[in-house]
Amino acid sequence: MNKNEPLWRRSRNAVRGFLRAVAEERSLRTELIASVGAVLLLLLLRAAPLWWALTTVLIAAILAAELLNTAIETLADRVSPELDPLIGRAKDFAAAAVLVLSVAALLVTVLLLWTQLGNVGRVARQGLRWQPR
(Lines give C-alpha, C1' and ligand atoms only; values in the text may rest on other atoms or scores of the structure.)
Protein backbone atom coordinates (compact mmCIF):
# COMPACT_ATOMS: atom_id res chain seq x y z
CA MET A 1 0.00 0.00 0.00
CA ASN A 2 1.27 3.42 -0.95
CA LYS A 3 0.68 6.05 1.72
CA ASN A 4 -0.14 8.56 -1.02
CA GLU A 5 -3.06 6.52 -2.36
CA PRO A 6 -6.51 8.12 -2.39
CA LEU A 7 -8.48 8.02 0.84
CA TRP A 8 -11.05 5.57 -0.56
CA ARG A 9 -8.32 3.04 -1.39
CA ARG A 10 -6.67 3.38 2.04
CA SER A 11 -10.08 3.00 3.66
CA ARG A 12 -10.71 -0.14 1.61
CA ASN A 13 -7.44 -1.58 2.94
CA ALA A 14 -8.46 -0.72 6.51
CA VAL A 15 -11.85 -2.42 6.08
CA ARG A 16 -10.12 -5.48 4.60
CA GLY A 17 -7.80 -5.58 7.62
CA PHE A 18 -10.71 -5.28 10.04
CA LEU A 19 -12.63 -8.09 8.30
CA ARG A 20 -9.54 -10.30 8.28
CA ALA A 21 -9.04 -9.68 12.01
CA VAL A 22 -12.70 -10.55 12.70
CA ALA A 23 -12.30 -13.76 10.72
CA GLU A 24 -9.02 -14.78 12.37
CA GLU A 25 -9.10 -13.41 15.93
CA ARG A 26 -11.45 -14.99 18.46
CA SER A 27 -10.76 -12.24 21.00
CA LEU A 28 -11.97 -9.58 18.57
CA ARG A 29 -15.13 -11.57 17.84
CA THR A 30 -15.75 -11.91 21.59
CA GLU A 31 -15.32 -8.15 22.05
CA LEU A 32 -17.72 -7.45 19.18
CA ILE A 33 -20.34 -9.69 20.81
CA ALA A 34 -19.79 -7.89 24.13
CA SER A 35 -20.20 -4.58 22.29
CA VAL A 36 -23.57 -5.68 20.93
CA GLY A 37 -24.54 -6.68 24.48
CA ALA A 38 -23.53 -3.26 25.76
CA VAL A 39 -25.65 -1.52 23.12
CA LEU A 40 -28.62 -3.75 23.96
CA LEU A 41 -28.19 -2.93 27.66
CA LEU A 42 -28.15 0.80 26.88
CA LEU A 43 -31.32 0.41 24.82
CA LEU A 44 -33.03 -1.66 27.52
CA LEU A 45 -32.19 0.84 30.24
CA ARG A 46 -32.96 3.84 28.02
CA ALA A 47 -29.62 5.26 29.08
CA ALA A 48 -28.86 8.94 28.95
CA PRO A 49 -26.71 10.27 26.07
CA LEU A 50 -23.67 10.53 28.35
CA TRP A 51 -23.76 6.76 28.95
CA TRP A 52 -24.02 6.21 25.19
CA ALA A 53 -21.02 8.46 24.57
CA LEU A 54 -18.91 6.82 27.25
CA THR A 55 -19.79 3.33 26.04
CA THR A 56 -19.11 4.24 22.41
CA VAL A 57 -15.67 5.60 23.26
CA LEU A 58 -14.83 2.52 25.33
CA ILE A 59 -16.00 0.12 22.62
CA ALA A 60 -13.91 1.94 20.01
CA ALA A 61 -10.87 2.00 22.32
CA ILE A 62 -11.13 -1.71 23.13
CA LEU A 63 -11.51 -2.70 19.48
CA ALA A 64 -8.63 -0.43 18.45
CA ALA A 65 -6.40 -1.82 21.21
CA GLU A 66 -7.25 -5.38 20.18
CA LEU A 67 -6.41 -4.60 16.56
CA LEU A 68 -3.09 -3.04 17.61
CA ASN A 69 -2.41 -6.06 19.83
CA THR A 70 -3.06 -8.35 16.87
CA ALA A 71 -0.79 -6.27 14.63
CA ILE A 72 2.03 -6.37 17.20
CA GLU A 73 1.68 -10.13 17.66
CA THR A 74 1.59 -10.75 13.92
CA LEU A 75 4.65 -8.60 13.27
CA ALA A 76 6.54 -10.04 16.24
CA ASP A 77 5.85 -13.61 15.11
CA ARG A 78 7.11 -12.74 11.62
CA VAL A 79 10.28 -11.05 12.88
CA SER A 80 11.12 -13.68 15.48
CA PRO A 81 9.24 -17.00 15.21
CA GLU A 82 11.33 -18.49 18.03
CA LEU A 83 10.64 -17.61 21.65
CA ASP A 84 12.26 -14.33 22.59
CA PRO A 85 11.82 -12.78 26.05
CA LEU A 86 11.69 -9.20 24.74
CA ILE A 87 9.10 -10.04 22.10
CA GLY A 88 7.13 -11.88 24.77
CA ARG A 89 7.20 -8.74 26.91
CA ALA A 90 5.99 -6.59 24.01
CA LYS A 91 3.11 -9.00 23.40
CA ASP A 92 2.25 -9.00 27.10
CA PHE A 93 2.23 -5.19 27.21
CA ALA A 94 -0.10 -5.00 24.21
CA ALA A 95 -2.43 -7.59 25.77
CA ALA A 96 -2.36 -5.65 29.05
CA ALA A 97 -3.61 -2.53 27.22
CA VAL A 98 -6.66 -4.49 26.06
CA LEU A 99 -7.18 -5.81 29.58
CA VAL A 100 -7.04 -2.33 31.14
CA LEU A 101 -9.68 -1.03 28.73
CA SER A 102 -11.85 -4.12 29.25
CA VAL A 103 -11.77 -3.65 33.02
CA ALA A 104 -12.71 0.01 32.55
CA ALA A 105 -15.66 -1.07 30.39
CA LEU A 106 -16.74 -3.54 33.05
CA LEU A 107 -16.61 -0.81 35.70
CA VAL A 108 -18.67 1.52 33.52
CA THR A 109 -21.23 -1.27 33.08
CA VAL A 110 -21.40 -1.81 36.84
CA LEU A 111 -21.85 1.94 37.41
CA LEU A 112 -24.58 2.11 34.77
CA LEU A 113 -26.46 -0.79 36.34
CA TRP A 114 -25.96 0.60 39.84
CA THR A 115 -27.27 3.98 38.76
CA GLN A 116 -30.28 2.57 36.93
CA LEU A 117 -31.14 -0.14 39.46
CA GLY A 118 -30.57 2.33 42.30
CA ASN A 119 -33.37 4.37 40.78
CA VAL A 120 -35.58 1.28 40.83
CA GLY A 121 -34.89 0.66 44.52
CA ARG A 122 -35.43 4.30 45.51
CA VAL A 123 -38.71 4.52 43.63
CA ALA A 124 -39.92 1.18 45.05
CA ARG A 125 -39.24 2.41 48.58
CA GLN A 126 -41.21 5.55 47.85
CA GLY A 127 -44.08 3.55 46.43
CA LEU A 128 -43.97 5.27 43.06
CA ARG A 129 -43.98 3.71 39.62
CA TRP A 130 -40.49 3.59 38.12
CA GLN A 131 -39.85 4.14 34.45
CA PRO A 132 -36.35 3.93 32.97
CA ARG A 133 -35.07 7.11 31.35
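**Leu-42 and its surroundings**

Modeller: Leaving aside neighbours within four places in sequence, Leu-42 is in contact with Ala-47, Trp-51, Trp-52, Thr-55 and Leu-112; contact means heavy atoms within 4.5 Å. This is a predicted model, in which local features need pLDDT of at least 70 and side-chain atom pairs count only at pLDDT 80 or more, while totals for chains, interfaces and linings use all residues. Residues are numbered from 1 along each chain as its sequence is written, and side-chain values use heavy atoms, with hydrogens and water left out.

Leu-42 belongs to the largest nonpolar core, whose nine residues also include Trp-51, Ile-62 and Val-108. Such a core is a set of buried Ala, Val, Leu, Ile, Met, Phe, Trp, Tyr and Cys residues joined through side-chain atoms within 4.5 Å, buried being under 20% relative accessible area (1.4 Å probe, protein chains only). At least two residues of this core come from each of α2, α3 (49–79) and α4 (85–126). Helices are DSSP runs (H or I, at least four residues), numbered from the N terminus.

Among the buried residues of α3 are Trp-51, Thr-55, Leu-58, Glu-66 and Asn-69. The 31 residues of α3 should span 45 Å at 1.5 Å a residue, and the end C-alpha atoms are 45 Å apart, which agrees; the expected span is 1.5 Å times one less than the number of residues.

Over the whole chain there are four helices and zero strands, and buried residues make up 23% of the 133 residues. Of contacts between residues at least 6 apart in sequence, 56% join residues at least 24 apart.

How values were computed
Buried means under 20% relative accessible area, exposed over 50%, partly exposed in between (1.4 Å probe, protein chains only).
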